[in-house]
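Hi,

Here's the structure I promised to send over. Have a look, and my notes on what turned up follow below.

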Amino acid sequence: MTERMHTTMETHPDVLEMRERFVLAERAAATQQGQAVEAMALITGLYMAASPWIAGFNGFTTLAVNNLIAGVAYALLMSGFGHAYERTHARAWAAALISVWMIIAPWVVSGNVSTTRTIISNVIAGAVGLCLALAAAAANRAGTRRGNRAAGMMDR
């Protein structure tokens, strides 16, 4: 019969890498920049979702539903910045695409919804969201470089 060996976490070959990822996540969440980006992104996502009722264009059902879905998705993608640090880069780029969609949505959703009110609201919310998503992607890239240097790896 063969014997099964029960290994503990301490003997796992990737334990050092996993600990380093956890340290990077904690470091990103603890920085003022990371906290500021996460807070502003959450507020921006909530505004995107509620903008039809705040700016007063909830009568345009297609754009109102579009903004509600895009805003909730943006807020979910950008919240938890430090808790999923290794995946932040992909999440930030997805949030950037949502922001670009917010900018162009008044012209491409069905119906005649491109009024001054909808355009101003969506373009400003989309531009702010895009800047925050790019800031999150840049912070992730800088943190990854710092982590690689600390581990003795070369920058790519």
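Predicted model: local features only at pLDDT ≥ 70, side-chain atom pairs only at ≥ 80, totals over all residues.

On the surface there's a nonpolar patch made of Trp 53, Val 65, Leu 68, Ile 69, Val 72 and Leu 76, with about 580 Å² of accessible area together. Patch residues have over 30% relative accessible area and no salt bridge, and nonpolar side chains (Val, Leu, Ile, Met, Phe, Trp, Tyr) are joined within 5 Å. A salt bridge here is a side-chain nitrogen of Lys or Arg within 4 Å of a carboxyl oxygen of Asp or Glu, and the areas are Shrake-Rupley with a 1.4 Å probe.

Five of the residues, the largest share of that patch, come from helix α3 (residues 61–78); helices are DSSP runs (H or I, at least four residues), numbered from the N terminus. Val 72 in α3 is partly exposed because its relative accessibility is 40% (buried is under 20%, exposed over 50%, partly exposed in between).

Asn 67 also lies in α3, but at 0% it counts as buried. Its side chain makes a 3.1 Å polar contact with that of Ser 51 (a donor–acceptor pair of N or O atoms within 3.5 Å). Leaving out residues up to four places away in sequence, Asn 67 touches Met 48, Ala 49, Ser 51, Pro 52, Phe 57, Met 102 and Asn 122 (heavy atoms within 4.5 Å).

As for confidence, mean pLDDT (the predictor's score per residue, 0 to 100) is 80, with 66% of residues at 70 or above.

Residues are numbered from 1 along each chain as its sequence is written, and side-chain values use heavy atoms, without hydrogens or water.

Cheers

Technical notes:
Patch = residues over 30% accessible without salt bridge, like charges linked within 9 Å, V, L, I, M, F, W, Y side chains within 5 Å. Helix = DSSP H or I, 4+ residues; strand = E, 2+ residues; numbered from the N terminus. Buried < 20%, exposed > 50% of the residue type's maximum accessible area, 1.4 Å probe, protein only.
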